[in-house]
Amino acid sequence: MPTSTTDEQKQELEQIEIWKCKQADCKAWVRKEFVTEELPACPLCKTPMIRSYKHVPVTTKKTNKKFIMGKRRF
Ligand SMILES: [Zn+2]
């Protein structure tokens, strides 16, 4: 048996509410908690966004906030 540690299996996932772009080929999404608008538009293509859910690794650090996009409207 290989003794390689599978760190990824320890990684817990949490379900978060998000807004995601309606465009199938647009990958934009943003955490719902960062959106204040009732009906946000995609920061990339301005398409209306829809409510959805996403599973993401549980973040213990708050340092990856900078990867969240769409917090501000252009
Ligand atoms: Zn988009």
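## Pro-57

Pro-57 counts as exposed, because 11 C-beta neighbours lie inside 10 Å; a residue is exposed if 12 or fewer other C-beta atoms lie within 10 Å of its own, buried if there are 20 or more, and partly exposed in between, with C-beta atoms placed from the backbone. Pro-57 is part of strand β3. Helices (H or I, at least four residues) and strands (E, at least two) are DSSP runs, numbered from the N terminus.

Residues up to four places away in sequence aside, Pro-57 touches Gln-11 and Leu-13. Contact is defined by C-beta atoms, placed from the backbone, that lie within 7 Å. Between Pro-57 and Glu-14 there are 6.1 Å in space, C-alpha to C-alpha, and 43 residues in sequence.

## Model and confidence

This is a predicted model, in which local features need pLDDT of at least 70 and side-chain atom pairs count only at pLDDT 80 or more, while totals for chains, interfaces and linings use all residues. Numbering starts from 1 along each chain as its sequence is written.

The predictor's confidence in each residue is its pLDDT, from 0 to 100. For the protein chain the mean pLDDT is 83, and 69% of the residues reach 70 or more. Confidence is highest in β1, at a mean of 96, and lowest in helix α1 (residues 7–10), at 63.

## Fold of the chain

The protein chain contains 1 helix and 3 strands, arranged along the sequence in the pattern α-β-β-β. Of its 74 residues, 7% are buried. Among contacts between residues at least 6 apart in sequence, 60% join residues at least 24 apart.

## The sheet

The 3 strands form an open sheet in the order β2-β1-β3, with antiparallel pairing. Strands β2 (29–31) and β3 (49–57) are at the edges and have a single partner strand each, so one side of each lacks a neighbour in the sheet. From one strand to the next, the twist averages 40 degrees; for such angles, axes are lines fitted to C-alpha atoms (for helices, over the stretch in contact), and values run from 0 to 180 degrees between N-to-C directions.

Two strands pair if DSSP finds at least two bridges between them. Strand β1 (residues 13–21) is joined to β3 by 9 bridges and to β2 by 3 bridges, and both pairings are antiparallel. Trp-19 has a partner on either strand: Val-30 is its bridge partner in β2, and Arg-51 stands opposite Trp-19 in β3.

## Lys-54

Lys-54 belongs to strand β3 and is the bridge partner of Ile-16. Lys-54 is partly exposed, because 14 other C-beta atoms lie within 10 Å.

Leaving out neighbours within four places in sequence, the contacts of Lys-54 are Ile-16, Ile-18 and Trp-29. Lys-54 and Lys-20 are separated by 34 residues in sequence and by 9.6 Å in space, C-alpha to C-alpha.

## Lys-46

Lys-46 sits in the loop between β2 and β3. Although Lys-46 is not a glycine, its phi is positive, at about 65 degrees. Lys-46 is exposed, because 12 other C-beta atoms lie within 10 Å.

Technical notes:
Contact = placed C-beta atoms within 7 Å.
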